[in-house]
Amino acid sequence: MNIQHIFIIIFLILATPVVNAQSVYDGAKNHACLKCHASQIISFHNAIIEKDQKKLMNPHYIIDTLGLKAGVHQNFDCTDCHSYEYVEYPHNGNLKLEPLNSCLDCHGGDPTHDAYQFDRINEEFQKSVHFKISGEDFTCGKCHDQHTYKPTARNSANVREIVEYSNGLCLSCHNDMNKYSLIAGKENPEIVQVHNWLPNQELHFEHVRCIECHTDVVDNLMVSHNIMSKENAVRNCNECHSKDSRLKASLYKYANLQSRADNGSVRAILLNESYVIGAQQFPVLRKLSFIIFFMTLAGMLIHLFFRFIKK
Amino acid sequence: MGSENTKLYFYPFWLRIWHGINAIGIILLIFTGIAMQSGFDASFIKFQLAVNLHNISGIAVTLNYLLFFIGNIVTSNGKFYLIKPMGFLKRLMKQAYYYAYGMFHGMKAPYPLSEKRKFNPLQKYSYVFVMYLFVPFVIISGFALLFPEMIIDKVYNLSGVFLTAVLHSAAGFFISIFLLIHLYVASIGKFPVENFKSIITGWHNIH
């Protein structure tokens, strides 16, 4: 073994973790699956008529490669979840009928994922209106697209980003006639009309998640998965617009946001991204206003006292 | 009341109407504002009721403000609110000295009220500050909060709605402090209730 070989071996050892840290989808154009499934038009050799052909890709089977690369499953290859037989083209039609792995097949009962409480989530989900209506057919993936999913609520410190991402999950069906009727078997409810009673609707939709009112919030779970029927949704303004706002148990639950909600320092005030009437107390301003109020009162009382004795 | 008393018709009818509506409106705004600001767990009023009452009173006070504003342009009442910059501080200090010390030591009011002077300097300045600065500010910021979509989304790193809300409450707070002092100072005089009667009848007694 000459010195060059030793260098190559050392380089390969050093490079291994770097290679692992990269997504398997980095070179989408050369990826066996993505060269078709990330494209509007596919080119292939038709062995029956012995000709090279171009066809349009089924739009439902086009994968968002950027989302895939940024998602939690970026290090998994397609065939880690989909059948290995898909590497052959044309794909065997029967493969479509085979059940896919469910999320809990990997995530359930796994101590490395304990922090995410997948089993508790499943328990809560089984109480939800989604499970009651479509049972096991309502898979996690109906909301959490396995290809592109990002744990935004855990990682983002930006409330609006969390809200937008979370509401996007709900609206992907509840604002889509086809996807909604696929599960519900009936027409799409008109979201705006249903929420007509809610003041400042647009502002609410931008700043709070659907699940704030539509789930049964539980303390020991980060995001409640027990989505209730609409009859049980919160309709009482005080639930949020009060010192004990339920937003503190849901949207502002996360450590990074909670510290912000509780901390009355000037910095915490300046960092605030949203304002909830009644729920946000700023101890600094509160103290200051009490001091000014009582000083005024004291001044008046002293003046009144002198008016009496000098009469 | 002695024979040296003169009665002046200080407060014309339109002004008394404005003042009455303004008083009720501002008091409602203060109570509902405090209720909303302080949270609702043990509050005396329901959130939605407080919001509705605050909005309605806010609109009433705004429309009423137009009466005040236009009234002071078209009638001679507006001239009482003009401030001469010369000797501004001197007059202010003189009046403050009278309230804090002079009036307890037999000093005569340095700026006695007459047909030409409806307000003493301290009174005039505080009225100008409140009516031409703070009230317009709470009206504008209040309407912005009524249509929050209009507000700039972010001011640097700060939510625009949040900033507007904090400034609106702060200005509202200072108006409340003004109201307290206004009510107290109105009780200073020969008879504590005299000034309160005047703003209802329109006639002011000069002793």
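**Interfaces between chains and between domains in a predicted model**

**View 1. Polar contacts between chain B and chain A.** Six residue pairs, both members at pLDDT 80 or more, are in polar contact between chain B and chain A; a polar contact is a pair of N or O atoms within 3.5 Å, where within protein one must be able to donate a hydrogen and the other to accept it, and residues adjacent in sequence count only if both atoms are side-chain atoms. Across the interface of chain B and chain A there are zero salt bridges (a side-chain nitrogen of Lys or Arg within 4 Å of a carboxyl oxygen of Asp or Glu). The model is predicted, with pLDDT of at least 70 required for local features and 80 or more for side-chain atom pairs, whereas totals for chains, interfaces and linings use all residues. Residues are numbered from 1 along each chain as its sequence is written, chains are lettered from A and ligands numbered from 1 in the order in which they are written, and side-chain values use heavy atoms, with hydrogens and water left out.

**View 2. The side of chain B that touches chain A.** Contact (heavy atoms within 4.5 Å) links 31 residues of chain B with 35 residues of chain A. Chain B and chain A bury about 3100 Å² between them, 64% of it on carbon and sulfur atoms; buried area is the accessible area (1.4 Å probe) that two parts lose on being put together, summed over both. Within chain B, the greatest losses of area to chain A fall on Phe104(B), Phe162(B) and Tyr184(B), together 22% of what that side buries.

**View 3. Domain 1 and domain 2 of chain A.** The domain assignment, which is automatic or taken from a database, divides chain A into domain 1 (1-99) and domain 2 (101-257). Twelve residues of domain 1 of chain A are in contact with eight residues of domain 2 of chain A. About 750 Å² is buried between these two domains of chain A, with carbon and sulfur atoms giving 56%. Zero salt bridges are counted between domain 1 and domain 2 of chain A, while two residue pairs, both at pLDDT 80 or more, are in polar contact across this interface.

**View 4. Helices on the side of domain 1 that touches domain 2 in chain A.** Zero salt bridges join domain 1 and domain 2 of chain A. On the side of domain 1 that touches domain 2, α3 (65-70) and α4 (78-81) of chain A each supply at least two residues; helices (H or I, at least four residues) are DSSP runs, numbered from the N terminus. The most, three residues, comes from α3(A).
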